[in-house]
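Hi there,

Here is the structure I promised to pass on to you. Have a look at it first, and then read my notes below.

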Amino acid sequence: MITVSAIFCLECGSSLVDVNGWELPRKAVIQCAECGNETTIKGFSLGRTHIHAEPYIHAANDVAVYGRNPNIVKLIQGKAKKEIKYDQLINEK
Ligand SMILES: [Zn+2]
């Protein structure tokens, strides 16, 4: 089994975050595709993949949030559940 990390937007809970540009060769600009929240990360990059619902929910439940703020944790968990329901609806057709 391989362990990877997921990234979640703290503004809207979405995991649809990707590199949108570079400020320096090792300083990426990352942006949420849903709400436009943007920041930079230095020394890291992101890689997209497709995962099943179970590991996605696990990542949402394991999310690191400052002070374990319950509102942000619920936002991320709720968004993950909505995205899984939407994905299941799309794949049933
Ligand atoms: Zn967002």
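Below is what I found, going from the overall layout to single residues.

First, two points on how to read it. Residues are numbered from 1 along each chain as its sequence is written. The model is predicted, with local features needing pLDDT of at least 70 and side-chain atom pairs counting only at pLDDT 80 or more, while totals for chains, interfaces and linings use all residues.

**Overall layout**

The protein has two helices and three strands, where helices (H or I, at least four residues) and strands (E, at least two) are DSSP runs, numbered from the N terminus. Along the sequence they come in the pattern β-β-β-α-α. Taken along the principal axes, the C-alpha atoms fill a box of roughly 40 × 35 × 30 Å. Of the 93 residues, 14% count as buried. Here a residue is buried if 20 or more other C-beta atoms lie within 10 Å of its own, exposed if 12 or fewer, and partly exposed in between, with C-beta atoms placed from the backbone. Among contacts with a separation of 6 or more, 30% are between residues 24 or more positions apart; a contact means that the two C-beta atoms, placed from the backbone, lie within 7 Å.

**The sheet**

The three strands make an open antiparallel sheet in the order S1-S2-S3, and two strands pair if DSSP finds at least two bridges between them. Strand S1 (17–24) and strand S3 (38–42) are the edge strands, each pairing on one side only. On average, neighbouring strands are turned by 30 degrees against each other, direction ignored; the axes are lines fitted to C-alpha atoms, for helices over the stretch in contact, and angles run from 0 to 180 degrees between N-to-C directions. S1 and strand S2 (residues 27–32) run antiparallel and are joined by six bridges, with a hairpin of two residues leading from S1 to S2. In this pairing Asp18 faces Gln31 and Val19 faces Ile30.

**The core and helix H2**

Which residues make up the largest nonpolar core? There are nine: Phe8, Cys9, Val17, Cys32, Ala60, Val63, Leu75, Ile76 and Ala80. Helix H2 (residues 70–92) gives the most to this core, with three residues. By nonpolar core I mean a set of buried Ala, Val, Leu, Ile, Met, Phe, Trp, Tyr and Cys residues joined through C-beta atoms within 7 Å. In soluble globular proteins, nonpolar side chains tend to be buried together.

Leu75, Ile76 and Ala80 are buried in H2, and the buried residues of this helix pack against H1. The 23 residues of H2 should span 33 Å at 1.5 Å a residue, which agrees with its end C-alpha atoms being 33 Å apart; the expected span is 1.5 Å times one less than the number of residues. Leaving aside neighbours within four places in sequence, Phe8 is in contact with Gly13, Ser15, Val63 and Ile76.

**The loop between the helices**

Ala64 sits in the loop between helix H1 (53–61) and H2. Is Ala64 buried or exposed? Ala64 counts as exposed because it has 8 C-beta neighbours inside 10 Å.

Arg68 is exposed, since 9 other C-beta atoms lie within 10 Å. Although Arg68 is not a glycine, it has a positive phi of about 50 degrees.

Best wishes
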